[in-house]
Amino acid sequence: MSPQTRAVESWTLQPLTDFVRESSVRLVLVLTPAGQVLAQSGFARAVDVMSAAALAAAIVATTGELARQLTQPPFAALSHQGPKHGFFLATFVTDRGTLAVLAVYDLDVSSLGLVQLFYEQLATELKAASPKGAVQKQVLAADFERELTDSLNTLFGR
Amino acid sequence: MSKALDMITRVRGVRGAMLVSADDGLVVAEQLMEGIKGPAVAALAASLAGKLRRAMDAAGTGMSVFWHLQAEQGALLVVPSGNEGGILVVAVAEPDVNIGLVRLELLRAAEALA
């Protein structure tokens with residue numbers, strides 16, 4: 001297991017570890033569309049996790065709304081490629097609710113095709129491993145900061 | 001593109017041919033028999049091509065022109081077309097395929113694409 005891969009919800013850890021190893025991605029977040037992080041890999045600072053999760057949740061929300069306005073089903077995946085890095089953001093439905101995966105990869109180490117290929121495997125494994133019959137917990141504004149702090153403490157082994 | 005793939009798949013023992021973006025590992029065009037996972041072959045072949053390119057650079061041999069991976073139940077044959085970040089012409093074949101003939105068709109397809 002990579003020492004940089006950590007999970008708030010333990011059932012996400014093995015699929016994420018496999019995904020990181022096989023697709024050679026640099027950074028990964030598994031999160032809910034509300035921005036609650038379930039697992040991360042490669043991040044060194046809590047503030048980066050917070051920013052990336054907030055931005056990924058915002059992208060999921062805006063592209064979802066864009067699809068709704070176009071009377072289309074939500075976009076399955078979004079990919080952006082820069083000169084050196086690429087990022088891949090996709091959502092899928094599990095028994096735990098809808099989850100999003102944000103992956104950032106170096107173009108000289110990995111590729112969109114490789115990330116897409118192993119993302120399919122990650123989504124399948126997370127769907128199979130997600131707790132069955134789990135009641136989706138609503139994150140209330142009053143609890144948000146405490147939950148966020150607890151998650152970050154877990155993710156960074158504090 | 002489809003004509004180039006036609007010529008490759010006409011060779012007896014070839015189970016499929018693809019044009020793959022070397023940068024992305026995505027399928028550009030394909031003619032594959034059922035059961036061959038095109039996106040997986042494309043992604044992994046492009047990844048391998050990138051690593052081979054670096055190995056060839058390190059060895060000072062220049063760009064690879066053709067590679068052939070022989071397995072128990074088949075073979076993967078690849079010709080990179082153009083420069084770094086170009087297109088890979090890929091064939092998936094039976095183990096007893098005429099390698100020389102497939103190689104010729106792959107090189108012709110790569111030349112047509114360049």
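In this predicted model, Arg68(A) and Glu65(A) form a salt bridge through their side chains, with an N to O distance of 2.8 Å. Both residues belong to helix α2 (residues 46–69) of chain A, where they stand three residues apart, about one turn of the helix. Arg68(A) counts as exposed, because its relative accessibility is 55% and the cut-off for exposed is over 50%. Glu65(A), with a relative accessible area of 30%, is partly exposed, because this value falls between the limits of 20% and 50%.

Side chains of opposite charge can pair when their charged atoms come close. Over all chains, a search of the whole structure finds eight salt bridges. Three of them are listed here, including the pair already described.

| Salt bridge | N to O distance |
|---|---|
| Arg68(A) with Glu65(A) | 2.8 Å |
| Arg96(A) with Glu9(A) | 2.8 Å |
| Asp106(A) with Arg26(A) | 3.3 Å |

The salt bridge of Arg96(A) with Glu9(A) has its closest N and O atoms 2.8 Å apart. This pair links distant parts of the chain, 87 residues apart. Arg96(A) is in the loop between β5 (85–94) and β6 (97–106) of chain A, while Glu9(A) is in the loop between β1 (5–7) and α1 (13–23) of chain A. Both Arg96(A) and Glu9(A) are buried.

Asp106(A) and Arg26(A) also meet in a salt bridge, at 3.3 Å from N to O. This pair, too, links distant parts of the chain, and its residues are 80 apart. Asp106(A) lies in strand β6 of chain A, and Arg26(A) lies in the loop between α1 and β2 (27–31) of chain A. Arg26(A) has a relative accessible area of 45% and is partly exposed, because 45% lies between 20% and 50%.

The next topic is the packing of two helices. The axes of α1(A) and helix α3 (residues 112–129) of chain A come within 9 Å and cross at roughly 165°. The two helices are therefore roughly antiparallel to each other, because angles over 145 degrees count as such. The crossing of α1(A) and α3(A) is right-handed.

On the α1(A) side, the residues in contact are Pro15(A), Leu16(A), Asp18(A), Phe19(A), Glu22(A) and Ser23(A). On the α3(A) side, they are Leu114(A), Val115(A), Phe118(A), Tyr119(A), Gln121(A), Leu122(A), Glu125(A) and Leu126(A). Sorted by class, this contact of α1(A) with α3(A) has nine nonpolar, two polar and three charged residues.

How values were computed
Residues numbered from 1 in each chain as written. Chains lettered and ligands numbered in written order. Predicted model: local features only at pLDDT ≥ 70, side-chain atom pairs only at ≥ 80, totals over all residues. Heavy atoms only, no water. Salt bridge = Lys/Arg side-chain N within 4 Å of Asp/Glu carboxyl O. Helix = DSSP H or I, 4+ residues; strand = E, 2+ residues; numbered from the N terminus. Buried < 20%, exposed > 50% of the residue type's maximum accessible area, 1.4 Å probe, protein only. Axes fitted to C-alpha atoms, helices over the stretch in contact; angles between N-to-C directions. Parallel < 35°, antiparallel > 145°, perpendicular 65-115°, else oblique. Left-handed = near helix turned anticlockwise from the far one by under 90°. Contact = heavy atoms within 4.5 Å. Nonpolar A, V, L, I, M, F, W, Y, C, P; charged D, E, K, R; others polar.
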